[in-house]
Amino acid sequence: MLAQRLRSPDEVFHQIWKSTVFYVTSVAQQPTNHYRQLLRISGFTDPPELYEGESRAIPGTSSAMSMRRSKDKGRYMVANERLPVGAILTSEEPYASVLNFDKQNNHCLHCYTRLKRVVPCPTCSGVAYCSAPCANAGQVYHQWECQFMELMIGSGMSVNAALSMRMITQSPVEYFLQLVDAIRNNDEHPHLKIYNLETHSQTREPKDFVYRTLMAILQLEIIRASGYFGACGS
Ligand SMILES: [Zn+2]
Ligand SMILES: [Zn+2]
């Protein structure tokens, strides 16, 4: 049913491709304010401009690129012309990001800069912020994760698994109730670009399924125990 929302193979590819980009770039959107903050820290005032402008067919991609398909490679990108060194071929705001667990003792949980002075989390000693604004912004999601950080780390949760949890905790439960309505009514919703991602479930090993299922249960129980669901969680 959800696959019908993706109107063409190109759109399906684009959803997968965009998700890969936000893993790779690890720049953040929390939503928009967090992304702007990271841009400022990295020296950019705006997202880097795409070489020769944005492709109409593939948003977030330079118009100097095209998509091709082949039987053995599937869908892939090619350059339409000879590209100069330094040409920016892809640039977009990622949906979510997380700080690696092993950097939490010396980097800001929210903007990821190395800590020179520390603004502690008010309720744990496992994470810290670089400033009061970062602390205020970070507590939006960390309030749900705070008392479970040791459990999350001790469980062997990967950074990608932590990222999937952050995609939930960074937004209020009402946001996901709106998502449910959007799916029912075939409306637009920002989370659909995550919800509609390709799962590759046909090619996964049984061991992988077991791990992902256990991790999903653990994350759900953590989020439920944190009080995130409020009155909706009972
Ligand atoms: Zn910060
Ligand atoms: Zn905390």
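Okay, one definition before we start: a residue counts as buried when its relative accessible area is under 20%. Keep in mind, too, that this is a predicted model.

What does Tyr228 pair with? Its ring sits with that of Trp144, centres 5.5 Å apart. The two planes are at 90°, so we call that pair edge-to-face. Trp144 is in helix H3, while Tyr228 is in the segment after helix H8 (206-226), so this pair ties together parts that are 84 residues apart in sequence. Trp144 comes in at 19%, so that one is buried as well.

Over the whole structure, the search turns up three aromatic pairs.

Okay, on to the metal. Which residues hold the zinc ion, ligand 2? That would be Cys121, Cys124 and Cys146 through SG, plus His142 through NE2, at 2.1 to 2.4 Å. Why do we call the arrangement tetrahedral? Because the four donor atoms subtend angles of 105 to 113° around the zinc ion. Along the chain, the donors are spaced C-x2-C-x17-H-x3-C. Cys124 is in the loop between strands E3 and E4, and Cys146 is in the loop between helices H3 and H4, so those two tie together parts that are 22 residues apart in sequence. And the cut-off again: Cys124 is at 19%, so it's buried, and Cys146, at 8%, is buried too.

Note on methods: Residues are numbered from 1 along each chain as its sequence is written. Chains are lettered from A and ligands numbered from 1 in the order in which they are written. This is a predicted model: local features need pLDDT of at least 70, side-chain atom pairs count only at pLDDT 80 or more; totals for chains, interfaces and linings use all residues. Side-chain values use heavy atoms; hydrogens and water are left out. Donors are N, O and S atoms within 2.8 Å of the metal (3.2 Å for Na, K and Ca); water is not among the atoms, so sites may look incomplete. Four donors count as tetrahedral if all angles lie between 85 and 135 degrees; four count as square planar and six as octahedral if opposite donors are over 155 degrees apart and all others between 65 and 115; anything else is irregular. Helices (H or I, at least four residues) and strands (E, at least two) are DSSP runs, numbered from the N terminus. Buried means under 20% relative accessible area, exposed over 50%, partly exposed in between (1.4 Å probe, protein chains only). Rings of Phe, Tyr and Trp (its six-membered ring) pair if their centres lie within 6.5 Å; planes under 30 degrees apart count as stacked, over 60 as edge-to-face and the rest as tilted.
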